[in-house]
Amino acid sequence: MTDSDKSKIPPQDLAPIRKSEDEWRAQLTPEQFYVTQQSGTERPGSGEYSKHDAVGRYDCVCCGLPLFESDTKFDAFCGWPSFFRVIHADHIKEVVDRSLPNHPPRIETRCARCDAHLGHVFDDGPKPTGLRYCMNSAALDFVSAEERDDV
C-alpha cells in the first residue's frame, strides 16, 4: 500500500474503550493480558510476529485499532516486531516510561483508543522516519491483505 493509498483509510473512531479487569481477562489470553494491561514484555524472539513477513496490517489485539502496515515492518534484530511508521499518528499515544531503575527514561507506546500497552519507540530506526516502534507480538493482531475491507 502506498502512502497515498493509506490516506484513503477512513478515520477511526477513537472514542475511549474502557473495560474492567475481569472483562479484559475474559477477552485476552494470559500473555496478552500481562502485556497489554500490566505493561509487560514478552521474551525476545518468543512472539508470534517477530519473524512474520506476510502482507497485511497489524491491529491492537484489544480493540482492533489499525496500527501498522506490513510494508513498514523491518528486522531490527532485537527479538520483537519492529516498524518505522504508524498508520495514523493519532492511533498511538506516547508516554514517558521511568520504570527501569538506573536507566534513562524510555518512550512507551499505548493504543490511543483502549490504552493497551504496545511496546516502546526508539530513535534508532531506518529512513524515512528514523523511528523503531518495538512492539510486543502479544499486543498485536495480524489482518492479512485478503481479510481487509479497506483496500
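Two strands count as paired here if DSSP finds at least two bridges between them. The model is predicted.

**Stop 1: the six-stranded sheet.** Select strands β3 to β8. They form an open sheet with antiparallel pairing, in the order β3-β4-β8-β7-β6-β5.

**Stop 2: β6 against β7.** Within that sheet, select residues 106-111, which are strand β6. Four bridges join β6 to β7, and the two run antiparallel.

**Stop 3: the largest pocket.** Which residues line the largest pocket? Select T41, C78, W80, R106, G119, H120, F122, R132, C134, M135 and N136. The elements that give two or more residues to this lining are β7 (117-122) and β8 (132-135). The pocket holds about 170 Å³ of space. Coloured by class, its lining shows five nonpolar, four polar and two charged residues.

**Stop 4: the three-stranded sheet.** Now select β1, β2 and β9. These three strands form an open sheet in the order β2-β1-β9, with antiparallel pairing. Its edge strands are β2 (66-69) and β9 (140-144), each pairing on one side only. From one strand to the next, the twist averages 30°.

**Stop 5: β1 against β2.** Finish with residues 56-60, strand β1, which pairs with β2 in the antiparallel sense over three bridges. Show D59 and look across to β2, where P66 stands opposite.

Note on methods. Residues numbered from 1 in each chain as written. Predicted model: local features only at pLDDT ≥ 70, side-chain atom pairs only at ≥ 80, totals over all residues. Heavy atoms only, no water. 1 Å grid on protein atoms, 1.4 Å probe; cavity = no way out; pocket = protein on both sides within 12 Å on 5 of 7 lines; lining within 4 Å. Points joined across faces, edges and corners; volume = space filled by probe spheres on them. Nonpolar A, V, L, I, M, F, W, Y, C, P; charged D, E, K, R; others polar. Axes fitted to C-alpha atoms, helices over the stretch in contact; angles between N-to-C directions.
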